[in-house]
Amino acid sequence: MGFKQGFMAIILTAATAIAGASMARAGTVEGSVTYLQRIAVPPGAKLLVELRDVSLMDVASKLIAAQDYDLTAVPQDYSLTFLDSQILETNSYAVSARITLDGELLFVTDTTYPVLTRGAGDKADMIVKMVSPTSSQVNLQLDDTKWTLIELNGTPVEKGRDPGFAFARDGQFSASGGCNRFMGQAELTGTEVRFPDRLAGTMMACTPELDTQESDFLATMPKVKSLARQGPMLQMIAEDGSVLMRLALKK
């Protein structure tokens, strides 16, 4: 092969490669992720959304695309990009989502959300379910921890003046409903807790909204009978098992 023919062959090969690359079209799967609980997103929460090939039941699903998001509120929109060459019409694909805080799983999809093939489209709105905390955990490790109140009796709280709890040792604690700060000593036995009926505290003026929230907070504390911790999340639970308060660990 002469120099001219060899040079033309190289050009033709390069052109073919470029043409092939340009034909590798990209597609997207879009939608949103939310949860049904009326609670604020804990500060620092992360959302991971994945697109996987779920065709084979007895084999680990193949990851096609993934995207991380810094989560500040729900619903959160997402978009996953893939190459057409990664998708086979004969296979099945699904998206999933999980919300974590400091590596601890808080919410996860427990339903399959099919996309792209077998009659499914390229959009999927997902609902993630809260992972149940381990209420059987004996050592809650509350000593020298601070917790931000994010939900009170099913309602997101007004931030005010740092609502939540700070636990010292031997059950000593301080607490705030968003305005004044109160101090006392709780009786802690395993996951069971009893807050005192009387608390020492400040007497600052509050806005009407925070005054109402603080009154609700103080009225709710004696109803708390047990605690359940899941990593950076803490639940305060009534005798009937209902969740009275949800808190997030402060860093």
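## Starting at a salt bridge

Select R169 to begin: with a relative accessible area of 48%, R169 is partly exposed, a label for anything between buried (under 20% relative accessible area) and exposed (over 50%), using a 1.4 Å probe and protein chains only. Before you go on, note that this is a predicted model, where local features need pLDDT of at least 70 and side-chain atom pairs count only at pLDDT 80 or more, while totals for chains, interfaces and linings use all residues. Residues are numbered from 1 along each chain as its sequence is written, and side-chain values use heavy atoms, with hydrogens and water left out.

The side chains of R169 and D143 meet in a salt bridge, 3.6 Å from N to O; the rule asks for a side-chain nitrogen of Lys or Arg within 4 Å of a carboxyl oxygen of Asp or Glu. This pair links distant parts of the chain: R169 sits in the loop between β12 (164-167) and β13, D143 in the loop between β9 (129-130) and β10, 26 residues apart. Those strand labels, and the helix ones, are DSSP runs numbered from the N terminus (helices: H or I, at least four residues; strands: E, at least two). D143 is partly exposed, at 40% relative accessible area. Bring in D144 as well, and you have D143, D144 and R169 linked in a network of salt bridges.

How many salt bridges does the structure hold? There are nine.

Pick K123 and E30 next: their closest N and O atoms are 3.2 Å apart in a salt bridge. K123 is in strand β8 (residues 123-127) and E30 in strand β1 (residues 26-34), so this pair ties together parts 93 residues apart in sequence. K123 counts as exposed at 59% relative accessibility, and E30 is partly exposed at 33%.

Then jump to R246 and E151, whose side chains form a salt bridge at 3.1 Å, N to O.

C179 is in the loop between β13 (172-176) and β14 (181-185), and C206 is in the loop between β17 (200-201) and α2 (208-220), 27 residues apart. If you check the torsion about the S-S bond, you'll get about -100°, so the disulfide is left-handed. C179 counts as buried at 3% relative accessibility, whereas C206 is partly exposed at 24%.

## Phenylalanine rings

Select F165, F167, F173, F195 and F217: ring pairs link them into a cluster. Rings of Phe, Tyr and Trp (its six-membered ring) pair if their centres lie within 6.5 Å, with planes under 30 degrees apart called stacked, over 60 edge-to-face and the rest tilted. The whole structure has seven aromatic pairs. One of them is F165 with F173, a tilted pair at 6.2 Å centre to centre and 45° between the planes. F165 is buried at 2% relative accessibility, and F173 is buried too, at 5%.

## A hairpin

Move on to strand β18 (residues 226-230), where five of five residues are buried. S226, A228 and Q230 point one way, and L227 and R229 the other. β18 runs antiparallel to β19 (residues 233-237), joined by five bridges; strands pair if DSSP finds at least two bridges between them. The bridge partner of Q230 is M233. In the hairpin, two residues lie between the strands, and G231 has a positive phi near 60°.

Most residues other than glycine have a negative phi, and most peptide bonds are trans. Here are a few to check against that.

- V74 to P75: this peptide bond is cis, with omega near 0°. P75 is in the loop between β3 (62-70) and β4 (76-83).
- D102: phi is positive, near 55°. D102 lies in the loop between β5 (93-101) and β6 (104-108) and is partly exposed at 47% relative accessibility.
- N153: phi is positive, near 50°. N153 is in the loop between β10 (145-152) and β11 (155-156) and is partly exposed at 35%.

How values were computed. Disulfide = S-S within 2.5 Å.
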